[in-house]
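Visitor: I would like to learn how to read a structure like this one. Please take me through it feature by feature.

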Amino acid sequence: MNPIQSFLLALPPETAHNLAMSVLSSARYLPGKATPLVGKQSTFLGKPLLNPIGLAAGLDKNAEAVLGLARCGFGFVEVGTVTPLAQPGNPKPRMFRLPEHQALINRMGFNNHGMHAMARRLNDVRASGRLNGTMLGVNLGKNKDTPNGEAVSDYVKGMDCLHTHADYFTINLSSPNTPGLRALQHGDALRTLLSRVKERQLTLAGSSVPVPLMLKVAPDLDEAEVGQIAEQVVACEFDGLIATNTTLSRDAVAGHIHGSEQGGLSGTPLTERSLEVVRQFRRELPEGVAVVGVGGISCGQDARAMLESGAHVLQIYTSFIYKGANLVQKLVDSTSEV
Ligand SMILES: Cc1cc2nc3c(=O)[nH]c(=O)nc-3n(C[C@H](O)[C@H](O)[C@H](O)COP(=O)(O)O)c2cc1C
């Protein structure tokens with residue numbers, strides 16, 4: 001571990017996060033362009049991708065550090081979750097480290113500055129012309145106070161506000177920290193939401209190419225639920241799926257001092273479960289629907305296993321916190337031959 005990493009991990013988790021974000025956001029003052037590391041090249045959602053390693057949503061909720069994160073070498077960076085209105089999220093403390101498990105538990109609750117602040121920042125990033133090939137995803141959520149029955153209007157507002165800035169949108173229905181959100185992953189609620197989002201995508205695009213749509217799902221699904229979600233993803237012509245978000249399961253961390261904190265668990269305890277969910281979705285979905293594998297990827301072996309399970313590309317979050325930016329190069333190298 002390098003000294004900067006050790007220093008950050010000695011601070012309380014959210015303090016370390018804020019400090020790292022300020023450093024990364026000041027990278028916009030550095031000269032030159034931010035270009036992804038070159039690894040296994042592919043086409044993702046119709047655009048060229050220089051490597052398959054992406055940053056997962058939740059680290060840069062407000063798009064404050066896009067250029068700094070792009071300089072870490074990621075092939076793609078997903079910002080958000082952003083909601084229409086700014087909201088403070090849950091009371092602190094709301095992020096916990098479980099280093100023995102290379103894991104985190106968080107119950108941030110979509111703390112963010114709102115979609116208009118993000119649009120201004122992404123406008124500056126795009127206008128700077130310094131994002132040199134890093135794909136930019138925007139992860140959309142609903143405000144805590146918006147009832148589930150009106151949730152679709154929050155996702156549509158996010159699309160209206162941000163569609164000129166995003167290379168793809170992620171419809172996030174899988175955070176465990178917004179009460180009731182995961183219920184939208186099922187039945188009529190899912191069908192209605194995905195079809196209205198699809199309609200809006202086509203309306204916004206007019207005669208130009210629509211911004212691709214991804215659905216982000218929880219790992220806490222049984223096989224029947226995976227089948228039903230896959231059916232709706234295909235019926236509503238979504239472009240892909242991101243599996244998975246954090247888990248509510250605590251089996252792997254039982255007995256840890258933070259093991260029973262409320263929220264979502266991420267990192268190594270999630271590796272096997274996310275692999276299994278990706279495998280199940282891959283079996284259910286046609287080849288043309290992209291699958292992004294995320295959850296507990298922390299070394300080359302995990303990354304290769306996720307690609308072999310059927311993911312087209314990968315994302316990381318927790319391992320980036322524990323291991324730092326050097327990990328991106330390692331993962332890019334280790335996936336070059338797969
Ligand atoms: C502190 C924290 C905040 C997160 N916030 C979000 C979020 O706002 N939106 C989202 O879709 N996922 C969020 N996630 C989930 C990650 O994007 C990712 O799906 C999950 O952590 C599993 O990947 P990992 O094991 O590599 O961390 C968050 C994760 C963490 C640890």
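**Two packed helices**

Guide: Helix α5 (residues 151–162) packs against helix α6 (residues 187–205) at an angle of about 25°, and their axes are 10 Å apart. Helices (H or I, at least four residues) and strands (E, at least two) are DSSP runs, numbered from the N terminus. Axes are lines fitted to C-alpha atoms, for helices over the stretch in contact, and angles run from 0 to 180 degrees between N-to-C directions. This is a predicted model, in which local features need pLDDT of at least 70 and side-chain atom pairs count only at pLDDT 80 or more, while totals for chains, interfaces and linings use all residues. Residues are numbered from 1 along each chain as its sequence is written.

Visitor: What does the angle make α5 relative to α6?

Guide: Two packed helices are described by the angle between their axes and the distance between the axes. Here the angle makes α5 roughly parallel to α6. The scale is this: angles under 35 degrees count as roughly parallel, over 145 as roughly antiparallel, 65 to 115 as roughly perpendicular and the rest as oblique.

Visitor: Which residues of α5 and α6 meet?

Guide: Two residues are in contact if their C-beta atoms, placed from the backbone, lie within 7 Å. From α5 come A151, V152, Y155, V156, M159 and D160, and they meet T192, L193, R196, V197, R200, Q201 and L204 of α6. Sorted by class, this contact has eight nonpolar, two polar and three charged residues. Ala, Val, Leu, Ile, Met, Phe, Trp, Tyr, Cys and Pro count as nonpolar, Asp, Glu, Lys and Arg as charged, and the others, Gly among them, as polar.

Visitor: In what order do the strands of the barrel come?

Guide: Two strands pair if DSSP finds at least two bridges between them. In this barrel, eight strands close up in the order β3-β4-β7-β8-β9-β10-β12-β13, with parallel pairing. Neighbouring strands are turned by 25° against each other on average, direction ignored. As one example, β8 (residues 168–172) and β9 (residues 213–217) pair in the parallel sense over four bridges. F169 stands opposite L213 in β9.

Visitor: Which strands form the open sheet?

Guide: Three strands form the open sheet, in the order β5-β6-β11, and the pairing is antiparallel. At the edges stand β5 (95–98) and β11 (264–267), each with a single partner strand, so one side of each has no neighbour in the sheet. The twist from one strand to the next averages 20°. Between β6 (residues 103–106) and β11 there are four bridges, and L104 has S266 as its bridge partner in β11.

Visitor: Which residues come nearest to the ligand?

Guide: A residue is near a molecule if its C-beta atom, placed from the backbone, lies within 6 Å of it. There are 27 residues around the ligand, and A56, G58, S266, Y317 and T318 come nearest. The elements giving two or more residues to this shell are β6, β11 and α10 (318–323). By class, the shell divides into eleven nonpolar, 14 polar and two charged residues.

Visitor: Where are the cis peptide bonds?

Guide: One joins G80 and T81, with omega about 10°, and T81 is found in strand β4 (residues 76–82). Another joins K92 and P93, with omega about 0°. P93 has its place in the loop between β4 and β5.
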